Amino acid sequence: MFEALGQRFTSIFSGLRGKVSQARLDQFSEEIKTALIESDVALEVANRFSAQLAEKFNQNSDEINISINPAQKIYELVNSQLVQTLGGATRRLKYAKNPPTVILLTGLQGAGKTTLAGKLAKYLKNDGNTPLLVAADLQRPNAVNQLKVVGESAGIAVFAPEVGNGAGDPVAVAKAGIKYAVDKVHNFVIVDTAGRTGIDDLLMKQIIDVRDAITPDEIFFVVDAMTGQDAAKTAKAFSDGVGFDAVVLTKLDGDARGGAALSIVEMTGKPIIFASTGEKISDFTLFHPDRMASRILGKGDIASLAEQAKSAIPEQAAQKLEEKFAKGEDFTFEDFLSQLEAMKNMGSMSKLMGLLPGTAGMKKQIENFDESELVRTRAIIESMTPLERNNPKVLNGSRRARIARGSGRAVSEINALVDRFGQAQKMMKQMRGGSMPMPMAGLGSPPKIAQSNVKSKKKSRSGNPAKRAIEEGN
Ligand code: GDP
């Protein structure tokens, strides 16, 4: 997501060193403008961005000048400008005072509207809601059927009285859908409507008719981010013609250069509420402008990573592991397996890696990450007996040969995994024992190591006489 723009920003920032003159700041604003235009951001938005940035630099010039780290101050100003351009605060879903909350989905054909309807319903269901999907796209061939399939796979009720494919009245279906939801006590209704290949009067009229018949609480315009600034232009036309409350950006996993996300809020005056990042039903998130800015600036998205980890690891399991660790019990293959299971729930490894800071320039490595390695590791552990998983010391030659046969892997792979696991176990023990050389993230600072202990561990003296004198305390 936004790799190219992220790389550009990283390289523009790497050119900032030491004191920064006014001329350098002007040049910097220009470089950013060029990067935005090359990422398919609408010209007017790129111009405004760089003008507002220059203004911010001006207002903060004293602070930039006296700062011991001007690049950091400049980073903060660029970040705040980016957050502002992406919409400022996170837009959250508005609930109707009297349920059901009715959401009308609109957008061009192929934007990913029907897929999105399923994702949104699943997202709401995961939060304890009872959404109903209403199939009012009666135009696109197979749209009704597609919604039924999406609903079925996600365990969501679908109201689809018409087969569609050009037949039926979308206004009647939408109205009947709301009535059905009230009768069956669904607290959310998501109405999928027909799109066209372009914004035309017929499309607008149909949406206006549906809108006026059901007075939705939220109208979302779904746009394909891969179309860059064209997405913003389409959204603007639709906003002028019909109006909507918020934008949903789809296909952000594709080669989106950032144009759509960075242009759309400025051009329509409406926020982005959700982002779709893949074809799977779970590839869907609330859109956070601050997290997106952080990703564009190469700082990753640790907040999302932490959220995903929290939702993937059941609280009980996390607590159990923590207790085990505190009690000094061994980390076992059983624990390892439950961690692998949690990682599977968190989604694809390459997507997770993309959330880490500094990965803007690692597109190739991330794409080449071998997801099947995790599958192979799981297969090996699953071929172990409970005794072997909880007590890896019993893994002798014949047991390893049996596991190899059971998992369809070579004995050398079993050996390698057991070795790696042994090292991890040892490391965990060291951390607990307090002899870890560095603080480990999330585990707090290690206990202080006694000076005598450090000295006794020292194996060699420095060859440099000056250094050796310091080492020896002379
Ligand atoms: P609709 O015409 O707007 O209802 O579009 P669909 O929901 O049928 O989606 C069109 C195509 O885009 C389908 O092949 C979807 O699988 C695909 N698609 C939808 N959302 C995403 C996304 O976020 N990422 C990717 N890569 N593909 C998507």
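Trainee: Which residues form one aromatic cluster?
Mentor: Phe13, Phe28, Phe57 and Tyr75 form that cluster. Please keep in mind throughout that this is a predicted model.

Trainee: How are Phe28 and Phe57 arranged, and how many aromatic pairs does a search of the whole structure find?
Mentor: The search of the whole structure finds 14 aromatic pairs. Phe28 and Phe57 form a tilted one, with 6.0 Å centre to centre and 50° between the planes. This pair links distant parts of the chain, since Phe28 is in helix α2 (residues 22–38) and Phe57 in helix α3 (residues 43–59), 29 residues apart.

Trainee: Are Phe28 and Phe57 buried or exposed?
Mentor: Both Phe28 and Phe57 are buried.

Trainee: What about Phe221 and Phe244, are they stacked or tilted?
Mentor: Phe221 and Phe244 form a stacked pair, at 5.4 Å centre to centre and with 15° between the planes. Phe221 lies in strand β5 (residues 218–224) and Phe244 in the loop between α10 (229–241) and β6 (246–250), so the pair ties together parts that are 23 residues apart in sequence.

Trainee: And why do Phe221 and Phe244 count as buried?
Mentor: Phe221 counts as buried because its relative accessibility is 0%. Phe244 has a relative accessible area of 3%, so this residue is buried too; the cut-off is under 20%.

Trainee: Let us step back to the chain. How many helices and strands does the protein chain have?
Mentor: The protein chain has 23 helices and eight strands. It comprises 474 residues, of which 44% count as buried.

Trainee: What share of the contacts joins residues at least 24 apart?
Mentor: Among contacts between residues at least 6 apart in sequence, 72% join residues at least 24 apart.

Trainee: On to the ligand. How many residues surround it, and which are the closest?
Mentor: The ligand is surrounded by 17 residues, and the closest are Lys113, Thr114, Thr115, Ser276 and Glu279. Helix α6 (residues 113–126) gives the most to this shell, with four residues.

Trainee: How do the residues of the shell divide into nonpolar, polar and charged?
Mentor: The shell around the ligand has two nonpolar, nine polar and six charged residues.

Trainee: Now the backbone. Is the peptide bond from Pro99 to Pro100 cis or trans?
Mentor: The bond from Pro99 to Pro100 is cis, with omega near 5°. Pro100 is in the loop between α5 (70–85) and β1 (101–107). As background, most peptide bonds are trans, and most residues other than glycine have a negative phi.

Trainee: What is the phi of Val185 and of Thr215?
Mentor: Val185 has a positive phi of about 55°, although it is not a glycine. Its place is the loop between α8 (170–183) and β4 (188–193). Thr215, not a glycine either, has a positive phi of about 35° and sits in the loop between α9 (201–214) and β5.

Trainee: Why do Val185 and Thr215 count as exposed?
Mentor: Val185 counts as exposed because its relative accessibility is 65%. Thr215 counts as exposed because its relative accessibility is 61%.

Trainee: One more residue: where is Arg378, and is it buried or exposed?
Mentor: Arg378 is in helix α18 (residues 372–382) and counts as buried, at 15% relative accessibility. Leaving aside its neighbours within four places in sequence, Arg378 is in contact with Leu337, Leu340, Glu341 and Lys344.

Conventions
Residues are numbered from 1 along each chain as its sequence is written. This is a predicted model: local features need pLDDT of at least 70, side-chain atom pairs count only at pLDDT 80 or more; totals for chains, interfaces and linings use all residues. Side-chain values use heavy atoms; hydrogens and water are left out. Helices (H or I, at least four residues) and strands (E, at least two) are DSSP runs, numbered from the N terminus. Buried means under 20% relative accessible area, exposed over 50%, partly exposed in between (1.4 Å probe, protein chains only). Contact means heavy atoms within 4.5 Å. A residue is near a molecule or strand if one of its heavy atoms lies within 4 Å of it. Ala, Val, Leu, Ile, Met, Phe, Trp, Tyr, Cys and Pro count as nonpolar, Asp, Glu, Lys and Arg as charged, and the others, Gly among them, as polar. Rings of Phe, Tyr and Trp (its six-membered ring) pair if their centres lie within 6.5 Å; planes under 30 degrees apart count as stacked, over 60 as edge-to-face and the rest as tilted.
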